[in-house]
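Please read the following note with the sequence and the structure open beside it. The points go from the whole chain to single contacts and residues.

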Amino acid sequence: YFNLDFMLLTQVTGILKPFAWILGNILNGIFWVLDKITGGNPNTGVAIILFTVVVNCLMIPLTVKQQKFSKFTAKMNPELQAIQNKYKGKNDQDSIMKMQAETQFVYSKYGVSPTGSCVQLLIQFPILISLYRVIYNMPAYVAKIKEAFMPLVNKFIYKEGSVEFLQSCQSYNYYKKQFSNELFGVTQIDSGIEYTQNTYIDVLNRASTGEWNSLKEQFPDLINEATTATDLLENYNQFLMIDNISNSPSFIINTAWNADERNWILIIGAIMIPVLSALTQWINTKLMPQQQNNNKKNDGMEDPMVASMKTMNNLMPIMSVFFCYTMPAGMGIYWITGSVVRGVIQVCVNKYLDKIDIDEMIKKNIEKNNELRAKQGLPPQQINQNATKNTRNLENKAENKSSEKKADNAKQIKDSTEYYKKLNNAKEGSLASKVNMVKQYNERGNAKDKEE
């Protein structure tokens with residue numbers, strides 16, 4: 001199954017091609033192992049789950065860096081905002097340079113880069129897009145699935161009217177721009193368009209149950225090959241309560257609901273895909289470090305970046321419901337598995353980061369930064385009280401001021417009470433005592449006014 005012929009089916013092109021090629025080989029290898037273990041009955045759903053786990057584990061270094069940046073950003077924000085307040089309204093060149101230097105020093109203290117999150121996302125983005133394309137077009141990457149189509153396609157491509165049948169399929173519009181593929185097998189020419197075996201497999205891979213039935217009716221001499229292909233694919237694609245993960249939950253629910261006898265098992269299984277995708281996505285957003293960032297700007301308004309992140313996190317579960325309801329159930333399985341795996345990794349990363357001694361980490365990072373500065377011929381930056389001040393110091397500063405103010409107020413009340421007690425001869429707590437206290441307060445206030 002590791003020959004390169006199957007890799008010539010219609011695949012991702014352009015900059016994503018090398019990513020898809022690597023991921024496709026991983027998925028094909030997993031399917032090959034499952035085929036050997038199960039004695040020729042590999043399951044696409046299980047393959048997708050294992051594939052998602054493997055890929056997410058390979059991306060752990062990137063995930064750790066991204067979560068480290070997110071975690072420390074929440075801790076750095078008070079220091080960064082203090083620097084911004086310090087230079088607020090100062091637009092001269094010297095102040096701007098000092099603010100930039102102090103800001104950069106804060107980032108170097110925590111061992112992160114100002115562009116760290118963007119870089120990690122840029123690296124992961126092509127991988128995620130390639131993951132989607134590989135799973136969405138598995139026959140192009142998994143030899144065993146492609147082989148299920150070959151006995152039918154080898155005969156179907158020579159049949160008169162086969163091109164017209166392809167054009168009648170709903171998936172034709174998706175693949176028609178790729179119909180000039182000359183990389184594999186025999187072809188059939190129609191109106192200047194070259195239809196290869198790749199094209200037939202691409203379209204049939206997305207054909208609905210109704211379209212497969214129509215193929216059997218229009219080409220009765222291919223019933224055996226078509227039945228064999230559909231039986232193999234259904235065997236590969238059956239997963240738990242879903243009969244065919246190549247169909248979308250919306251299609252499964254509609255078919256099961258309108259059947260002569262409603263199949264509630266299929267309906268419930270199809271509903272669970274978008275529901276679980278939304279639930280796991282929601283749990284993921286709650287585990288993200290950004291959710292712990294409650295820092296606000298001086299005017300009391302929430303930071304726009306934090307607000308936009310919260311909005312996106314709230315929309316993601318809703319978006320996942322729509323995508324996983326309308327796309328093949330296999331994509332929903334991938335989505336759910338990915339959310340679960342990322343959630344587990346997130347919990348582990350958070351525990352790891354929570355155990356880090358911030359002050360010790362700052363000292364090490366400053367030492368590394370000074371080594372780099374020494375190579376550049378720059379003087380070392382001193383580790384002073386401000387440099388080693390962590391988030392807890394900044395957060396406790398306002399709390400200490402509040403406590404001092406409360407203590408001062410309590411002392412003033414106590415002193416005033418003692419003063420009036422000395423001047424007041426009436427019984428404590430009596431009405432006369434209270435009247436005398438008010439009288440003494442007024443006399444004392446009038447005396448102060450005369451002095452002024």
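1. Basis of the note. The model is predicted, so that local features need pLDDT of at least 70 and side-chain atom pairs count only at pLDDT 80 or more, whereas totals for chains, interfaces and linings use all residues. Residues are numbered from 1 along each chain as its sequence is written, and side-chain values use heavy atoms, with hydrogens and water left out.

2. The chain as a whole. The protein chain holds 18 helices and two strands, these being DSSP runs numbered from the N terminus (helices are H or I of at least four residues, strands are E of at least two). Of its 452 residues, 41% count as buried, where buried means under 20% relative accessible area, exposed over 50% and partly exposed in between, with a 1.4 Å probe and protein chains only. Among contacts (heavy atoms within 4.5 Å) between residues at least 6 apart in sequence, 73% join residues at least 24 apart.

3. Helices α6 and α11. Helix α6 (residues 143–156) packs against helix α11 (residues 223–237) at an angle of about 170 degrees, the axes lying 9 Å apart. That makes α6 roughly antiparallel to α11, a term for angles over 145 degrees, while those under 35 count as roughly parallel, 65 to 115 as roughly perpendicular and the rest as oblique. Axes are lines fitted to C-alpha atoms, for helices over the stretch in contact, and angles run from 0 to 180 degrees between N-to-C directions.

4. Glu225. This residue is found in helix α11. Glu225 counts as buried because its relative accessibility is 16%. Residues up to four places away in sequence aside, Glu225 touches Pro151, Leu152 and Lys155.

5. Helices α2 and α15. Helix α2 (residues 44–58) and α15 pack at an angle of about 35 degrees, with their axes 9 Å apart. Contributing to the contact are, among others, Gly45, Ile48 and Thr52 of α2 and Gly330, Ile333 and Arg342 of α15. The residues of the contact divide into seven nonpolar, six polar and one charged.

6. Met327. The place of Met327 is in the loop between α14 (304–326) and α15 (329–354), and with a relative accessible area of 17% Met327 is buried. The C-alpha atoms of Met327 and Ser248 are separated by 5.0 Å, although the two are 79 residues apart along the chain. Leaving aside neighbours within four places in sequence, Met327 is in contact with Tyr132, Ser248 and Pro249.

7. Leu240. Where is Leu240 placed? Leu240 lies in the loop between α11 and α12 (249–258). Its phi is near 50 degrees, a positive value in a residue other than glycine, and Leu240 is exposed, with a relative accessible area of 73%.

Technical notes: Ala, Val, Leu, Ile, Met, Phe, Trp, Tyr, Cys and Pro count as nonpolar, Asp, Glu, Lys and Arg as charged, and the others, Gly among them, as polar.
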